[in-house]
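Welcome, and please get your viewer ready. We will go from stop to stop, with something to select at each one.

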Amino acid sequence: MSINTQEVIQNEQNYVLGVYSRPPFVLERGAGSTVYDSEGKAYLDCVAGIAVNVLGYSDAGVNQAIAEAAESGLLHVSNLYHTEPHARLARQLCETSFADKVHFSLTGADANEGAFKFARRYAREQGHEDKYEILAFSNAFHGRLFGSLAATPREKYQQPFQPLMPGVRFAEFNNLASAQAAMSDKVCAIIVEPIQGEGGVYPASQEFLQGLRALADQNDALLIFDEVQCGLGRAGTLWAHQGYGVEPDILTVAKPLAAGLPIGAILMRQKVADAMHKGDHASTFAGNPFTTHVANYVVKRVSQPEFLADVREKGEYLMELLAELNSPHVKEIRGKGLIVGVELDIEAGPIVNKGYERGILLVSAGPNVVRFVPPLTITKEELASAAGILGDILREM
Ligand SMILES: *Cc1c(COP(=O)(O)O)cnc(C)c1O
C-alpha cells in the first residue's frame, strides 16, 4: 500500500465538507497506543479517537472479536429480528450497572436524544402532560443534533441552527443552589456528565450529584447521567458515577463501547422501560450483531477488576507526572482515572500543534485545557513520555 500524502489532503480539501480543521498528515496504521502517518512518523496517542479507542490499536482481542463477528456473516439484520450478541450485550450492561433494560443507539447524541424521549414519555405516563423540560448545565456537551445541541450551551454551536428543541433550561455546573433555583415541576429530566469532557474536564462534586438525585426525586423528574465520554472504565470505575455513591434513572454511553465501532446505549431503570411501548422509538442500524459482538468483548475486558485498578493507578501516575512538570503555564490539573485536563494560562491550540511536530496526539477541551484521554491500555512508560513531551513544549512557550 502506498499512500500519496499530498493527494489525500488535496482530495479532502476538494471533496470533503470543510467542518473540521485537520493537521497536514495522513494516519495510516496503529498499534498499541501509537499511530503512524503515511510517511512512517509515529505519534503517541493521548486522544484515542476522543476517548473511543479504549483498547488502543490492533488489540488482539478486538481483532479476534471482529473476525468472529465477520465469520457469522451477519453484519446486520435489522431490529426486526433477534440476534444473540445484541441480547448478550444488553444483559452484560444490566448485570454490570444499576440498569434493568438497555436500548441501543448509534452515537452519543442519539443516545441522549433517546433518553430525552424516554423521559418525556415517562412524565406523560405519570399523567403530567406539560412536564417536558430538560435541566442541563453550564459547560455541558451532549451532542450536535437538535435536541442534544439544545442541551449544549455553546453559542457558537447553537446560534446558526436555531430554533433548537424548546424547553431546555440551564443551571451552573457544580452549584446545587443554582440547580434548585432552576428546577420546576415542568422539568421531566436533569441531564449531567459526572465528569464533563468537552467543557474542560470538570469532575462533578459528590455533593452536587447527590443533590441532583434528591432534586430529581422531589420533583418526580428523572436523573440522566451522560457517560458518553467518562463511562466504561475511563474514570477508573466501570461507570464514572460509581465513585459517587449516586445512581441515575438513565445512563447514556457511546464513545468507547465497541472500541472504535459506532454504537451507543441507553441504560435505564425498569420504571423508565415500563413507560416505553412497542413502536415508540427505533433505529435501523443500532445494536446490530457485528457491533454488539465486538462491544461484548470490550465490556467484558474493561469490567475486569484488575483492568480498572490498572486504570486508577495509571491515572494517579499521570496526575503526579503532570504536577511534577511545575510549569508556570499550568493553572490546574483536573480529572479522574485516564480523563485528565491540564488548564493553562495560554491557549491549548498551539500546544496541540506543537505536539504533532514532536510525535504526540493531544486534544483540547475548551480554549485553555489540554486533555488526556489515551487508550486505557497505555503503559506507564508511555505516560511518562507523554508528560515529558508536554513539559518540553510548555518550556518553549
Ligand atoms: C462526544 C459526546 C457526546 C456526543 O457523542 P457523538 O457520538 O459525537 O454524538 C455526548 N455527550 C458527551 C459527554 C460526549 O463527550
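What is the order of the strands in the open sheet of seven? The answer is β4-β12-β11-β10-β7-β5-β6, and the pairing is mixed. Strands here are DSSP runs of E with at least two residues, helices are runs of H or I with at least four, and both are numbered from the N terminus. Two strands count as paired if DSSP finds at least two bridges between them.

Before you click further, note that this is a predicted model, in which local features need pLDDT of at least 70 and side-chain atom pairs count only at pLDDT 80 or more, while totals for chains, interfaces and linings use all residues. Residues are numbered from 1 along each chain as its sequence is written, and side-chain values use heavy atoms, with hydrogens and water left out.

**Stop 1**

Look for H103, which stands opposite I266 in β12.

**Stop 1: helices on the sheet**

Next, show α4 (residues 84-95), a helix that lies across β4 and β12 and runs at about 125° to β4. Then pick helix α9 (residues 206-218), which packs on the sheet and touches β5 (133-137), β7 (187-192) and β10 (222-226). Contact here means heavy atoms within 4.5 Å. The direction of α9 makes about 165° with that of β7.

**Stop 2: the ligand**

Select the ligand and the residues around it, among them T107, N112, H142, E193 and Q229.

- F141: a backbone N or O atom lies 3.2 Å from a nitrogen atom of the ligand.
- D226: a polar side-chain atom lies 2.7 Å from a nitrogen atom of the ligand.
- K255: a side-chain N or O atom is 2.6 Å from an oxygen atom of the ligand.

Taken alone, the ligand exposes 380 Å², and the protein buries 81% of that; accessible areas come from the Shrake-Rupley method with a 1.4 Å probe.

**Stop 3: two backbone details**

Go to P163, in the loop between α7 (155-158) and β6. The peptide bond from Q162 to P163 is cis, with omega near 0°. Then jump to A48 in helix α2 (residues 48-51): phi of A48 is near 55°, a positive value in a residue other than glycine.

**Stop 4: the four-stranded sheet**

Finally, select the open sheet β13-β14-β17-β16, where the pairing is antiparallel. β13 (330-336) and β16 (363-364) stand at its edges with a single partner strand each, so one side of each lacks a neighbour in the sheet. Two bridges join β16 to β17 (residues 369-372), and S364 stands opposite V370 in β17.

Note on methods. Axes fitted to C-alpha atoms, helices over the stretch in contact; angles between N-to-C directions. Near = heavy atom within 4 Å. Polar contact = N/O pair within 3.5 Å; in protein donor to acceptor, adjacent residues only side chain to side chain.
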